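Welcome, and please load the model in your viewer.

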Amino acid sequence: MNSEKGQVIVISGPSGVGKSTICHRLCEILPAEFSVSVTTRRPRPGEAHARDYRYATGDEFERLREKGALLEWAEVYGHFYGTPLDTVQKAVSEGRIIILEIDIKGCLQVREKMPEAKTIFLLPPTPEEQKRRIEGRNTDAAEVIRQRLSKADGEIRYAMDCGCYDEFLINDDLDNSVSQIVGLVSAGTK
Ligand code: 5GP
């Protein structure tokens, strides 16, 4: 895949670390576009189809996967998520920046197909702050929150060991995190 012209930015991190807020701020500032993933998860209150995700049934997702329409895909917390390939290809070939908010398994696949992608893993300042943020979002059931928080430690260790992230960034201040990422992207470093 030719990705010399545009730039693919991958943002990952455990639940409640502030990924979505950062991605949306980056899209306002850079300019960059957000890659809207396909998911079999049901919409949360306040989410909109085609803006936050493209919501699909299991069968629809499977069809997209089988016909090679996904750049990467993974099962995360019991649901399927994937990045539409055509949107990324179009952005890259037109010289635009596209931001993928995806998990570690997805990042490994992107890395393999697009080694020049810039990959960033966000870390919570403390586990307590992460818990506060995920609970404050008020959109997930207690059991879902418990499941996601219990996976955070393992996820962070996996991210550090897998070798697929260029940068690890502690998200203790939104403006600071955003400007650091803007700096990395602008420098085109890798
Ligand atoms: P959420 O359900 O909270 O929106 O997302 C759950 C997890 O799925 C997050 O870690 C998020 O980064 C990841 N995710 C969202 N979209 C994709 C995708 O297209 N591919 C992969 N591999 N992970 C995704």
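**First stop: K19**

Select K19 and P14: a polar atom of the K19 side chain lies 3.3 Å from the backbone oxygen of P14. That pair is a polar contact, defined as N or O atoms within 3.5 Å; within protein, one must be able to donate a hydrogen and the other to accept it, and residues adjacent in sequence count only if both atoms are side-chain atoms.

Before going on, a word on what you are viewing: this is a predicted model, in which local features need pLDDT of at least 70, side-chain atom pairs count only at pLDDT 80 or more, and totals for chains, interfaces and linings use all residues. Residues are numbered from 1 along each chain as its sequence is written, and side-chain values use heavy atoms, with hydrogens and water left out.

K19 belongs to helix α1. Helices (H or I, at least four residues) and strands (E, at least two) are DSSP runs, numbered from the N terminus. Is K19 buried or exposed? K19 counts as buried because its relative accessibility is 15%. The classes are buried under 20% relative accessible area, exposed over 50% and partly exposed in between, using a 1.4 Å probe and protein chains only.

Now show what K19 touches: I11, S12, G13, P14, E101 and L122, not counting residues up to four places away in sequence. Contact here means heavy atoms within 4.5 Å.

**Second stop: the ligand**

Select the ligand next. Which residues are closest to the ligand? They are S37, R41, Y53, Y81 and R148, out of 17 residues that surround the ligand; a residue is near a molecule if one of its heavy atoms lies within 4 Å of it.

- Y81: a polar side-chain atom lies 2.5 Å from an oxygen atom of the ligand.
- E72: an N or O atom of the side chain is 2.8 Å from a nitrogen atom of the ligand.
- T83: an N or O atom of the side chain is 3.4 Å from an oxygen atom of the ligand.

Of the 510 Å² of accessible area that the ligand has on its own, the protein covers 96%. Accessible areas come from the Shrake-Rupley method with a 1.4 Å probe.

Stay with the shell and pick S37, in strand β3. S37 is buried, since its relative accessible area is 6%. Leaving out residues up to four places away in sequence, S37 touches Y53, R54, G82, T83 and P84.

Move to the loop between β5 and β6, where you will find Y77. Y77 counts as buried because its relative accessibility is 15%.

Select Y77 together with E155: a polar contact of 3.2 Å joins their side chains. Other than neighbours within four places in sequence, Y77 is in contact with S15, Q147, R148, K151 and E155. One of these, K151, is 74 residues from Y77 in sequence, with a C-alpha to C-alpha distance of 9.3 Å.

Go on to Y158 in helix α6 (residues 142-162). Y158 counts as partly exposed because its relative accessible area is 38%. Its contacts, apart from residues up to four places away in sequence, are I104, K105 and L108. Y158 and I104 are 54 residues apart in sequence, yet 8.0 Å apart in space, C-alpha to C-alpha.

Select L30 and P31 and look at the bond between them: a cis peptide bond joins the two, with omega about -5°. P31 is in the loop between α1 (19-29) and β2 (33-34).

Then find A50 in the loop between β3 (37-39) and β4 (53-55). A50 is not a glycine, but has a positive phi of about 80°. Its relative accessibility is 35%, so A50 counts as partly exposed.

**Last stop: N171**

Finish at N171, in the loop between β9 (167-170) and α7 (174-187). N171 counts as buried because its relative accessibility is 4%. Show its contacts, leaving aside neighbours within four places in sequence: V17, G18, I22, L123, P125, R133 and S177.
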